[in-house]
Amino acid sequence: MVNLDESVANTFSLGQKVSLNIKSGQAMKAILGQISYIAPVIDQASGLVELKVAFDNVDKRIRPGTSGFLLPGSD
């Protein structure tokens with residue numbers, strides 16, 4: 001899950017492939033994901049839009065709640 005400013009969130013579309021950098025142990029791991037959800041509303045308090053990105057985690061090295069970010073130029 002990632003929360004983005006509306007102007008940035010509007011550049012993404014459902015099903016779009018994106019590059020992520022996610023913490024795995026002490027290192028960061030670059031992986032490919034796909035946008036699976038874009039919130040239909042903007043959070044009034046923060047002005048951000050929630051997006052969810054699905055990715056393979058068959059080795060279960062990335063635990064739920066782990067921090068990460070979209071890499072610049074994701075498309």
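Two strands count as paired if DSSP finds at least two bridges between them. In this predicted model, strand 2, residues 17-24, and strand 5 pair in the antiparallel sense over three bridges. Because the cut-off is at least two bridges, the three bridges between strand 2 and strand 5 qualify them as a pair. Within this pairing, asparagine 21 has phenylalanine 69 of strand 5 as its bridge partner.

The pair belongs to an open sheet of five strands, whose order is 1-4-3-2-5 and whose pairing is antiparallel. Strand 1 (2-5) and strand 5 (68-70) are its edge strands, each pairing on one side only. On average, neighbouring strands of the sheet are turned by 45° against each other, with direction ignored. In general, strands of a sheet pair through backbone hydrogen bonds, either parallel or antiparallel.

Strand 2 and strand 5 also take part in the largest pocket, each supplying at least two residues of its lining. Strand 5 gives the most, with three residues. The space in this pocket is about 350 Å³. Its lining consists of 16 residues, and those nearest the pocket centre are Met1, Ile22, Val53, Phe55 and Thr66. By type, the lining residues divide into ten nonpolar, five polar and one charged.

A search of the whole structure for aromatic pairs finds zero. One ring does have a charge over it: the charged end of lysine 52 sits over the ring of tyrosine 37, at 5.4 Å from the ring centre.

Notes:
Residues numbered from 1 in each chain as written. Predicted model: local features only at pLDDT ≥ 70, side-chain atom pairs only at ≥ 80, totals over all residues. Heavy atoms only, no water. Helix = DSSP H or I, 4+ residues; strand = E, 2+ residues; numbered from the N terminus. Axes fitted to C-alpha atoms, helices over the stretch in contact; angles between N-to-C directions. Phe/Tyr/Trp six-rings, centres within 6.5 Å; stacked < 30°, edge-to-face > 60°. Lys NZ or Arg CZ within 6 Å of the ring centre and 35° of its normal. 1 Å grid on protein atoms, 1.4 Å probe; cavity = no way out; pocket = protein on both sides within 12 Å on 5 of 7 lines; lining within 4 Å. Points joined across faces, edges and corners; volume = space filled by probe spheres on them. Nonpolar A, V, L, I, M, F, W, Y, C, P; charged D, E, K, R; others polar.
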